[in-house]
Amino acid sequence: MERQQAPLGSARVTSQIAASVTRPRYSGPTPPVGSATARSPWRRWRDRFFFLLFFASVAIGIFGLAALVIDVLTDGLGTLDFSFINSYPSRHAGESGIRAALFGTIWITVGTAAFAIPIGVATAIYLEEFAPDHWSTRLVQLNIANLAGVPSIIYGILGLALFVQAFALDRSVLAGSLTMTLLILPIVIIVSQEAIKAVPNEFRDAAFALGANRWQVVKTVVLPQAIPGIMSGIILALSRAVGEAAPMLMISSLVFLTFIPSSPGDRFTVLPVQIFNWVSLPQPGFQAVASAGIIVLLAVLLSMNSIAIWIRNRYQKRY
Amino acid sequence: MASLNRAEPERSGIVASLVARRRARRRVRAEQLVILALLLIATLVSVLTTVGIIFTLVRESFGFFQEVSVWEFVTGTKWAPLFEPQAFGVLPLIAGTLLAAGIAGIVALTLGLGAAIYLSEYAPDRVRRIIKPILEVLAGIPTVVYGFFALSFLTPILQSVLPIPVIFNVLSAGMVMGLMIMPMVSTLSEDAMVAVPRELRDGAYALGATRFEVATKVVVPAALPGIVASFILALSRAIGETLIVTIAAGATPNLTINPLESIQTMTAYIVQVSLGETPQGTLVFKTIFAVGLLLFLMTLTMNIIGRWIVRRYTERY
């Protein structure tokens, strides 16, 4: 058992509270909703009413999610079959398929990962382990936080002007991957920093005490500990890239692709762009095709998120 | 030094091992230097991204403002770059953007704040651990899916009760956008509410306050900066959102406050031009950079204010 607690309001208790950085969630004895604490019936009634109202906002959020999923499933399940997955887009709703977009998404995701992981993790290592406590470091950190809030369409404009035009990459897989890299880089950096921060300092100190230099400490102690956290964060960042349509609309444009990219220089389309294309077609049959595409997109995202959560739970360490 | 390297075999034991250690140490140090250089280069990428964004937007906007005056751009009430006679008044796009974001904000603030109060003050731990991830799924659904949802589900429902002239209307897009940013408000607000010390609550309960009174008279006022910040950040997200408004709100620049009409947002305009046949380098093509610059500045300002409030007012107790 704990030792007897200091009386409430004593200097020790208050200083402990002031010192605690992360507060425990409030879990003290609280009166139940609409309890006898409130003697006037009006206050008791108001308490009950607002409890229902607050609960209703949660319920509306969940209802909205459920409505969305059900709407998509009822519209799209009838169209979703193997030939839909394996066909190219077509003028006829009944023959349309998502093959080109599915493979385009795989190309873009792999390409984005190839650039974003090394650059993002390296930046995080630098900022957490090497960077001096200096105004320039704080400026870089502030800059990354700001980049994370820049609307995705702005990255589309940048990609169009920089990669498609200035670097003359045309509307290629490479241009799309580089644009997506810049878009998710701030997220990759931030999640990697969090994972590196979570490695306790005692581990570093032990390695330093054995004579390791900073890079050896990072390479042999910090990174092996941080990699599961980095991995799950990166998968979540990549799933953001998979669902992102605005910059890809600008880079790939609305094309009617009947081939799969075979090299980074080829044109491409991705799932959200293909879905947008179908949603904006006026012919009635394409609503079902769009829903089927959405089901495929959501399935891809769901599996990516499940993998990320699995990694986090499998390797999560508590110190 | 050099002579040591050619140490004779008979006395090589200690010397050779000293030499080997010195070399190893040098190699380790060189490796660290190379790595440090690589890490610095990687860090530069994010700095250069910002430079690239600002440089691109400003340079092309500069070309635009040589042909259209800034005054005409900022105060003009007609936006028609794609038709003759051309007009370059950006106010209709700003009005459309703010109207859509405003509707989203009302929905998100009502639902998000209610959800945050429920999760922080009422929900048992077990319930909260189930509900929070479900709500956060809302933030992870691709915007193109929300656009489809607005157009195929919500708009027909709204049309059956309200006099909506065409299928595209800003009300439907705004409401769905509110659903999308609701978890942002609820998560950040709940964080702020959880940080309110329990002594404040205990004091109010000891005076006989009900849960509702504790929530609205103690917790919400104490957490207000965090709530305001969450709202600003969520609004900025709504202003920059593209797909929902492109799909469901239409493509008619419209200086209106009527939520039943079709409008065009700044983001939807950028998409419209970049998908069209507009040749690069023309005045029309340059408009997307001017509109993009305006959008960038608006969201940047809101993000800076939002994060400043969070930083300024956290850990005050």
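The C-alpha centres of domain 1 and domain 2 of chain A lie 34 Å apart, in a model that is predicted, with pLDDT of at least 70 needed for local features and 80 or more for side-chain atom pairs, while totals for chains, interfaces and linings use all residues. Residues are numbered from 1 along each chain as its sequence is written, and chains are lettered from A and ligands numbered from 1 in the order in which they are written.

The two domains of chain A span residues 40–76 and 82–315 respectively, with bounds that come from an automatic or database domain assignment. Four residues of domain 1 are in contact with six residues of domain 2, where contact means that C-beta atoms, placed from the backbone, lie within 7 Å.

Chain A holds twelve helices and zero strands, these being DSSP runs numbered from the N terminus (H or I, at least four residues, for helices; E, at least two, for strands). Of its 319 residues, 43% count as buried, that is, with 20 or more other C-beta atoms within 10 Å of their own, again placed from the backbone. Among contacts in chain A between residues at least 6 apart in sequence, 73% join residues at least 24 apart.

Within chain A, helix H9 (residues 214–243) packs against helix H12 (residues 286–315) at an angle of about 170°, with axes 8 Å apart; the axes are lines fitted to C-alpha atoms over the stretch in contact, and angles run from 0 to 180 degrees between N-to-C directions. H9(A) and H12(A) are therefore roughly antiparallel, a term for angles over 145 degrees. Among the residues that meet here are Pro228(A) and Met231(A) of H9(A), and Leu297(A) and Arg312(A) of H12(A).

Between the chains, 73 residues of chain B are in contact with 78 residues of chain A, and helix H2 (residues 12–67) of chain B gives the most to chain B's side, with 18 residues.

The table sets out the residue classes, in which Ala, Val, Leu, Ile, Met, Phe, Trp, Tyr, Cys and Pro count as nonpolar, Asp, Glu, Lys and Arg as charged, and the others, Gly among them, as polar.

| Domain 1 of chain A, touching domain 2 of chain A | two residues | one residue | one residue |

Gly147(B), placed in helix H6 (residues 143–161) of chain B, is buried, with 29 other C-beta atoms within 10 Å. Leaving aside neighbours within four places in sequence, Gly147(B) is in contact with residues including Val279(A), Leu243(B) and Ala248(B).

Notes: A residue is buried if 20 or more other C-beta atoms lie within 10 Å of its own, exposed if 12 or fewer, and partly exposed in between; C-beta atoms are placed from the backbone. Two residues are in contact if their C-beta atoms, placed from the backbone, lie within 7 Å. Angles under 35 degrees count as roughly parallel, over 145 as roughly antiparallel, 65 to 115 as roughly perpendicular and the rest as oblique.
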